[in-house]
Amino acid sequence: MSDPVLVIGAGVAGLTAATQLADSGIRTVLVDRLPIVGGNAMDLYKAFPTDDCFYCFEGSRSRPGIRKCFYRSAILDQPNIELKVNAEVTEISGSPGKFQAKLSVGSQYIDSKKCIMCGLCIERSNAFSLPSPQCQPQAVIYDPELSDEGAKKAEEECPTKAINLGAQSSEETVQVSDIVIATGYHEMKPVSIDEYGYGKIPNVVTQLELAQILDPNGKSGGALVRPSDDGQVKRVMMVQCVGSRDENYYPFCSKICCVYALKHANIIVLERDGTQVTVVYMDIRTYDRHERYYRVARDAGVRFVRGRVSRLEACEDGTLDIIAYDSLLDKYLKFNVDLFVLSSALEPPKGSAELIKSLGLHSASGFVGPADSTSENEVVAGDHVYVCGAATGPAEIPESVTQARAVVSMILQSRK
Amino acid sequence: MTETEEKADPPAVMIEPIDISKLDPDFREGIRSMPNGEELSACFACSTCTAACPIANTWKYKPHQLIRMILLGMREEVLSSEEIWLCLTCFECQERCPQNVRVTDIFFDCKNLAAEESMIPDSIVGLAKELLDKGQLYVVTADWEREDMDLEPEVPGLSTEEFKAILKGTRTGRIVGGDE
Ligand SMILES: Cc1cc2nc3c(=O)[nH]c(=O)nc-3n(C[C@H](O)[C@H](O)[C@H](O)COP(=O)(O)OP(=O)(O)OC[C@H]3O[C@@H](n4cnc5c(N)ncnc54)[C@H](O)[C@@H]3O)c2cc1C
Ligand code: SF4
Ligand code: SF4
Ligand code: SF4
Ligand code: SF4
């Protein structure tokens with residue numbers, strides 16, 4: 001029997017690669033450092049280009065007869081996938097086609113096969129939480145740092161005996177034929193860009209943080225509220241290219257922030273009554289079919305200011321006074337807003353540099369570059385090493401999925 | 001006077017930023033509801049209109065800036081600008097706009113709004129007065145050119161009286177009316 005394929009990262013790209021390989025009869029070890037799969041896409045609320053939301057699971061739960069979601073059967077019940085959450089690859093040795101990957105698997109406090117998400121443990125202790133109603137594996141997560149008496153009670157009372165507080169982390173080595181890197185991206189926390197006050201002023205947030213405020217499953221039930229006092233937001237300002245296209249941070253264009261900024265702007269203006277949005281930009285890059293978001297935004301009355309923010313001051317009432325330079329009018333404009341949203345750069349996730357180095361891959365501004373930059377196979381990162389999704393650089397979901405499928409087809413061909 | 005005594009002059013006026021909350025948020029929708037105004041919001045400030053315009057190089061506010069000012073709600077500035085009246089109505093801008101913004105027509109809308117509020121430059125009021133007084137802007141006079149071409153000194157059968165009467169009942173009449 002041939003060795004399995006190792007897929008690092010269980011975001012949309014890694015999940016697609018793993019499920020399709022598994023469905024084609026290839027054993028797959030799917031590793032993610034987080035306790036649940038889905039990666040960044042779990043936090044997006046509605047997603048372009050279809051504006052679908054990620055609550056298919058929550059939606060199907062209320063419909064009688066549908067208890068299992070597609071992903072549960074595709075990932076957890078698929079015998080060819082060995083899913084390892086809370087896990088990281090610590091070392092890779094061996095040779096192409098026969099890699100030895102050392103995995104460090106965090107303590108499995110909750111047996112996801114047993115947990116029925118009854119919520120009892122969450123009532124007993126803050127150490128338990130449900131990351132999202134449609135999370136996969138379908139189970140609560142446990143944070144040992146918050147351990148207390150309630151947690152011990154929960155362990156005893158759990159109706160399915162799914163909790164094991166004494167669980168230990170483990171190490172194992174797997175031999176794999178191919179490695180698929182699907183480690184995605186991280187949204188930069190722009191703390192070091194002083195002029196925007198991120199990290200100091202509570203009503204200054206990033207786009208990913210805004211997505212979580214807008215999320216109907218979030219704390220405010222989807223109401224657009226200020227982090228400082230949960231007061232209703234009436235005026236929003238967004239700033240594009242924060243840390244992207246900037247030689248001091250990342251020289252590249254993060255490619256999708258214009259699209260999702262306008263996706264958010266449209267949701268706010270069209271679905272959250274009476275809220276005004278101003279977007280301060282250098283260029284609006286809503287590439288190919290996404291130009292629609294820009295057009296809708298303009299018609300909806302989103303205000304666009306080409307230029308930069310020159311001054312930002314936090315007022316006592318939680319609002320922000322902002323002066324922006326409008327380079328089209330050659331005038332300074334003064335605004336007062338409740339929420340200031342930064343379209344922050346999408347950077348390589350922690351550990352990327354080490355992974356690239358250990359496998360001798362090419363770095364493309366810190367992301368995983370193609371083995372041969374002149375070839376059309378951007379998903380081929382090395383000998384028996386593939387890359388897909390945002391691990392190649394900022395990418396949208398459809399593109400990530402397409403690349404994952406390309407990887408699967410290349411692995412299938414190589415095994416013929 | 002020695003060199004050290006020379007100092008850079010402080011700026012003559014400190015320019016205050018434009019306070020967005022003081023602008024007129026209804027102006028944009030007002031223009032959009034006027035004839036041929038609905039595409040206004042499609043403008044993405046590419047400045048094709050300004051590039052196309054044969055005379056904007058002498059203007060303080062270029063066509064794309066005027067459109068931006070309308071979108072921002074700078075009602076006062078737009079309606080009192082001389083540019084909307086200097087426009088040749090050649091339609092070059094409108095012809096080329098990639099978003100089908102009817103720039104020239106929108107400037108007509110602005111002129112109509114300005115006229116409603118009596119914000120018309122004196123030179124234009126002067127022309128209207130001339131039209132009302134004489135029934136024509138360019139009065140034909142007996143001169144050597146007509147003579148050279150064997151034409152009668154007066155234009156035969158030209159009567160401007162009726163035209164003047166009609167004009168009096170129009171907005172042109174009302175605009176000039178106050179001065180009389
Ligand atoms: C604010 C915002 C809005 C967006 N909106 C949209 C939208 O509307 N439509 C759209 O198409 N796209 C949108 N995107 C982009 C979308 O998030 C990405 O296209 C998608 O998440 C990429 O999936 P991925 O699997 O490549 O990476 P990720 O989602 O980043 O997944 C990578 C996974 O790998 C894991 N990982 C990373 N490194 C390691 C490691 N060393 N070991 C183990 N595990 C690791 C991570 O924990 C993560 O689970 C948006 C992005 C942002 C920031
Ligand atoms: S008590 Fe047990 S079954 Fe219920 S949510 Fe907690 S871990 Fe899951
Ligand atoms: S997508 Fe837009 S906001 Fe993001 S880096 Fe590129 S130009 Fe800037
Ligand atoms: S050409 Fe059209 S879209 Fe471009 S700036 Fe002028 S009005 Fe706007
Ligand atoms: S119609 Fe007016 S604004 Fe447009 S190009 Fe001609 S002169 Fe310029």
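## Surroundings of ligand 3

In this predicted model, the residues around ligand 3 are Gln240(A), Cys241(A), Ser244(A), Arg245(A), Cys253(A), Ser254(A), Lys255(A), Ile256(A), Cys257(A), Cys258(A), Asp283(A) and Arg285(A). Two elements of chain A, strand β14 (235-242) and helix α7, each contribute two or more residues to this shell. Sorted by class, the shell comprises five nonpolar, three polar and four charged residues.

Cys241(A), one of the residues surrounding ligand 3, is located in strand β14 of chain A. Although Cys241(A) is not a glycine, its phi is positive, at about 55°.

## Surroundings of ligand 1

Ligand 1 is surrounded by 34 residues, of which the closest are Asp32(A), Phe48(A), Tyr185(A), Lys263(A) and Ala395(A). The shell is made up of 20 nonpolar, nine polar and five charged residues. At least two shell residues come from each of α1 (12-23), β3 (46-47), α6 (207-214), α7 (257-271) and α10 (397-414) of chain A. The largest share, three residues, is supplied by α10(A).

Lys263(A) places a polar side-chain atom 2.7 Å from an oxygen atom of ligand 1. A polar backbone atom of Ala13(A) lies 2.9 Å from an oxygen atom of the ligand, and an N or O atom in the side chain of Arg33(A) is 3.2 Å from a nitrogen atom of ligand 1. Taken alone, ligand 1 would expose 1000 Å², and the protein buries 97% of that area.

## Domains of chain A

Chain A divides into domain 1 (5-106 + 169-185 + 348-414) and domain 2 (189-345). The C-alpha centres of these domains of chain A are 31 Å apart. To the contact, domain 1 of chain A gives 18 residues and domain 2 of chain A gives 24 residues.

The two domains of chain A bury about 1800 Å² between them, with 55% of it on carbon and sulfur atoms. Of the area that domain 1 of chain A buries against domain 2 of chain A, 34% is supplied by Tyr45(A), Phe48(A) and Pro394(A), more than by any other three residues.

Why does ligand 1 lie between the two domains of chain A? Domain 1 and domain 2 of chain A both give residues to the shell around ligand 1, so the ligand lies between them.

## Chain B and ligand 5

Chain B is likewise divided, into domain 1 (20-116) and domain 2 (122-177). The centres of these domains of chain B, taken over C-alpha atoms, are separated by 31 Å.

Around ligand 5 there are 13 residues, the closest being Cys53(B), Cys87(B), Cys90(B), Phe91(B) and Cys93(B). Helices α6 (92-96) and α7 (103-116) of chain B are the elements that give two or more residues to this shell. Its residues fall into ten nonpolar, two polar and one charged.

## Cis peptide bonds in chain A

The peptide bond from Phe48(A) to Pro49(A) is cis, with omega near 0°. Pro49(A) occupies the loop between β3 and β4 (52-53) of chain A.

Gln136(A) and Pro137(A) are also joined by a cis peptide bond, for which omega is about -5°. Pro137(A) is situated in the loop between β8 (128-129) and β9 (141-142) of chain A.

Methods:
Residues numbered from 1 in each chain as written. Chains lettered and ligands numbered in written order. Predicted model: local features only at pLDDT ≥ 70, side-chain atom pairs only at ≥ 80, totals over all residues. Heavy atoms only, no water. Near = heavy atom within 4 Å. Polar contact = N/O pair within 3.5 Å; in protein donor to acceptor, adjacent residues only side chain to side chain. Areas by Shrake-Rupley, 256 points an atom, 1.4 Å probe, with all protein chains shown as cover. Helix = DSSP H or I, 4+ residues; strand = E, 2+ residues; numbered from the N terminus. Nonpolar A, V, L, I, M, F, W, Y, C, P; charged D, E, K, R; others polar. Domains from an automatic or database assignment. Contact = heavy atoms within 4.5 Å. Buried area = accessible area lost by both parts, 1.4 Å probe.
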